[in-house]
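Visitor: I'd like to learn how to read a protein model. Could you walk me through one, feature by feature?

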Amino acid sequence: MSKQLPATFESLIETANQLHLYEKLIQQLNKDLLYANINLSFDESILPSSLKYLLHETIYKLIQEKFSEYLNLLYIIDVSEQKIRKLDGSDALMLSEEVTFLILQREWQKVWFRNKY
């Protein structure tokens, strides 16, 4: 993939909006959450800040209470195991925030790629 992945949540959302792919990003996320049996679905018009907050909250709960479902979600979304291993797992709140971004980044990659090709 020649195009660099957005390095921040803000740049990811900005790029998604510029390319009119924000709704597709939400659709892709909803699809993968459904596959993973995670009881969470987003409206396509959700504000990016709310999306980030609710997804972060869900990931945090999964890490704390349903770790196998959390791992399953990462597997279904296809988040890089290497990237996950690089994260500091000592603080679950920080970890869940970083994982939330990796999830959105990976979903964005799928949407961007599908749109491009």
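Visitor: Which residues in α2 are buried?

Guide: Buried means under 20% relative accessible area, exposed means over 50%, and partly exposed lies in between (1.4 Å probe, protein chains only). In α2, the buried ones are Tyr22, Leu25, Ile26, Gln28, Leu29, Asn30, Asp32 and Leu33. An α-helix has 3.6 residues a turn, so residues three or four places apart point the same way. Keep in mind that this is a predicted model: local features need pLDDT of at least 70, side-chain atom pairs count only at pLDDT 80 or more, and totals for chains, interfaces and linings use all residues. Residues are numbered from 1 along each chain as its sequence is written, and side-chain values use heavy atoms, leaving out hydrogens and water.

Visitor: What covers the buried residues of α2?

Guide: The cover includes α1, α3, α4 and α6, going by contacts, that is, heavy atoms within 4.5 Å.

Visitor: How many helices and strands are there?

Guide: Helices (H or I, at least four residues) and strands (E, at least two) are DSSP runs, numbered from the N terminus. This protein has six helices and zero strands.

Visitor: What span should α2 have, and how far apart are its end C-alpha atoms?

Guide: The expected span of a helix is 1.5 Å times one less than its number of residues. For the 14 residues of α2 that gives 20 Å, and the end C-alpha atoms are 20 Å apart, so the two agree. Helix α6 (residues 92-116) has 25 residues and should span 36 Å; its ends are 35 Å apart, which agrees.

Visitor: Which residues have the most contacts inside the largest nonpolar core?

Guide: In soluble globular proteins, nonpolar side chains tend to be buried together. A nonpolar core is a set of buried Ala, Val, Leu, Ile, Met, Phe, Trp, Tyr and Cys residues joined through side-chain atoms within 4.5 Å. The largest one here has 37 residues, and Phe42, Ile59, Leu73, Ile103 and Trp108 have the most contacts inside it. Two or more residues come from each of α1 (9-18), α2, α3 (48-65), α4 (67-77) and α6, and α6 gives the most, with 10. Among the residues Phe42 touches, not counting those up to four places away in sequence, are Ile26, Leu29 and Leu54.

Visitor: And what percentage of the whole protein is buried?

Guide: Buried residues make up 42% of the 117.
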